[in-house]
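Morning, everyone. I have one structure to walk through today, so please look at the screen and follow along.

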Amino acid sequence: MTTELWEYRPGSHHAADLSLVGYEVEATDGPLGRVELDAGDHLLVDTRPWVPGAPVLVPVGLVARIDHLELVVHLDCPRARVRSAPPPAAVDRAAPGPAGHGLSPAGRAVLDAHYARPAAARGPAGTGARRAG
């Protein structure tokens, strides 16, 4: 399991005493959604209406920086990478952490497998299929 996905990066301007709920989320290629839940190690992001689909789980290690004045969380990945993540229902959240909404080791492993692999290795729509080439 990669711990880098579950901790804020140095220099991201994360303030431990501030919740990110309600902050807009920007991917490298445009708006992604709004933070519904700040669980400490991941964010639950409502992607509607910017990206069709349901809320997605985003490990905090993908946060490049946080603009507390504009209330925006900037990610270092494109919308497609987040959009193709497993849905929250497929990730075990039964073992709450200190914030009360943590992920179990199995839940982290599911997201590790998705976010830690290069985009080319994930295949279309995050199916896990490798592209020929």
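The protein's secondary structure comes to three helices and six strands. Helices here are DSSP runs of H or I with at least four residues, and strands are runs of E with at least two, numbered from the N terminus. Along the sequence, the pattern reads β-β-β-β-β-β-α-α-α.

Some ground rules. This is a predicted model, where local features need pLDDT of at least 70 and side-chain atom pairs count only at pLDDT 80 or more, while totals for chains, interfaces and linings use all residues. Residues are numbered from 1 along each chain as its sequence is written, and side-chain values use heavy atoms, with hydrogens and water left out.

Now the overall numbers. The protein has 133 residues, and 43% of them are buried. Buried means under 20% relative accessible area, exposed means over 50%, and partly exposed is in between, using a 1.4 Å probe and protein chains only. The accessible surface comes to about 6,800 Å², and 58% of that belongs to carbon and sulfur atoms. Those areas come from the Shrake-Rupley method with a 1.4 Å probe; for residues, only the protein chains shown count as cover. Next, contacts, meaning heavy atoms within 4.5 Å. Take contacts between residues at least 6 apart in sequence: 52% of them join residues at least 24 apart.

On to the sheet. What is the strand order in the open sheet? The six strands run β4-β3-β2-β1-β6-β5, with mixed pairing. Two strands pair if DSSP finds at least two bridges between them. β4 and β5 stand at the edges with a single partner strand each, so one side of each has no neighbour in the sheet. From one strand to the next, the twist averages 35°. That angle is between N-to-C directions of lines fitted to C-alpha atoms, on a scale from 0 to 180 degrees.

Let me go through the pairs. Strand β1, residues 24-27, pairs with β2 in the antiparallel sense over four bridges. The two form a hairpin with two residues between them. A27 stands opposite G30 in β2.

Next pair. β2 and β3 are antiparallel too, joined by four bridges. R34 faces D46 across that pairing, with D46 in β3. This is another hairpin, with three residues between the strands, and G40 in the turn has a positive phi of about 95°.

Then β3, residues 42-46, runs antiparallel to β4, again with four bridges. L44 has L57 in β4 as its bridge partner. β4 covers residues 56-59: V56 and V58 point one way, L57 and P59 the other, and all are buried.

Stay with β2 for a moment. It spans residues 30-38 and holds L32. L32 is buried, because its relative accessible area is 0%. Its C-alpha lies 8.1 Å from that of V45, which is 13 residues away along the chain.

Now the core. A nonpolar core is a set of buried Ala, Val, Leu, Ile, Met, Phe, Trp, Tyr and Cys residues joined through side-chain atoms within 4.5 Å. Which members of the largest one touch the most others? Of its 29 residues, they are L20, L43, V58, V73, L75, V82 and Y115. The elements giving two or more residues to this core are β2, β3, β4, β5 (63-67), β6 (72-75) and α2 (105-115). As background, nonpolar side chains in soluble globular proteins tend to be buried together.

Look at V73. Leaving aside neighbours within four places in sequence, V73 contacts L20, Y23, E24, V25, E26, V35, L43, V63 and R65.

And helix α2. Its buried residues are G107, L111, D112, H114 and Y115. Down the helix axis they fall within an arc of 165°, so they line one face of α2. The arc is taken from the directions from the helix axis to the C-beta atoms.

Most residues other than glycine have a negative phi. H13 is not a glycine, yet its phi is positive, near 70°. H13 sits in the segment before β1, and counts as exposed at 53% relative accessibility. L71 also has a positive phi, about 60°, without being a glycine. L71 lies in the loop between β5 and β6. Is it buried, partly exposed or exposed? L71 is partly exposed, with a relative accessible area of 40%.

That's it from me.
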